[in-house]
Amino acid sequence: MEDYLNTATIVEAKNEKIKSEAILHNLINDFGMLLKKVIQIKEEADKQKQYGTSSMIDEYILDYGKKIWMLKQTIA
């Protein structure tokens, strides 16, 4: 677990009370990071002509984008 936490870009939450709006903002940021990563994977897959991987990643891009949109709408 320690190795994972050292290489992860998503920050582990502290064990403290926070407001629900802060949780939503944290989720938006985390899904935003994941979205950037899968876009990078798609671009690399396209460069290497790995079309199956590229196609599979499209679903992740759509899913993360939808989640970000829904969380932003919840805040609004």
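A residue is counted as buried when its relative accessible area is under 20%. By this criterion, in the predicted model considered here, S54 is buried because its relative accessibility is 4%. The residue is placed in helix α3, and, when residues up to four places away in sequence are left aside, S54 touches K42, A45 and D46. Two of these contacts are also polar contacts between side chains: one of 2.6 Å joins the side chains of S54 and K42, and another, also given as 2.6 Å, links the side chain of S54 with the side chain of D46.

The arrangement of the two helices was examined next. The axes of α2 and α3 come within 9 Å and cross at roughly 160°; because an angle over 145 degrees counts as roughly antiparallel, α2 is described as roughly antiparallel to α3. The crossing of this pair, α2 and α3, is left-handed, and the residues that form the contact of α2 with α3 divide into 17 nonpolar, five polar and six charged.

Between α2, which spans residues 20-47, and α3, which spans residues 51-75, lies a loop that contains K49. Whereas S54 is buried, K49 counts as exposed, because its relative accessibility is 57% and the cut-off for this class is over 50%.

Terms used: Residues are numbered from 1 along each chain as its sequence is written. This is a predicted model: local features need pLDDT of at least 70, side-chain atom pairs count only at pLDDT 80 or more; totals for chains, interfaces and linings use all residues. Side-chain values use heavy atoms; hydrogens and water are left out. Helices (H or I, at least four residues) and strands (E, at least two) are DSSP runs, numbered from the N terminus. Buried means under 20% relative accessible area, exposed over 50%, partly exposed in between (1.4 Å probe, protein chains only). A polar contact is a pair of N or O atoms within 3.5 Å; within protein, one must be able to donate a hydrogen and the other to accept it, and residues adjacent in sequence count only if both atoms are side-chain atoms. Contact means heavy atoms within 4.5 Å. Axes are lines fitted to C-alpha atoms, for helices over the stretch in contact, and angles run from 0 to 180 degrees between N-to-C directions. Angles under 35 degrees count as roughly parallel, over 145 as roughly antiparallel, 65 to 115 as roughly perpendicular and the rest as oblique. A crossing is left-handed if the near helix is turned anticlockwise from the far one by less than a right angle, and right-handed if clockwise. Ala, Val, Leu, Ile, Met, Phe, Trp, Tyr, Cys and Pro count as nonpolar, Asp, Glu, Lys and Arg as charged, and the others, Gly among them, as polar.
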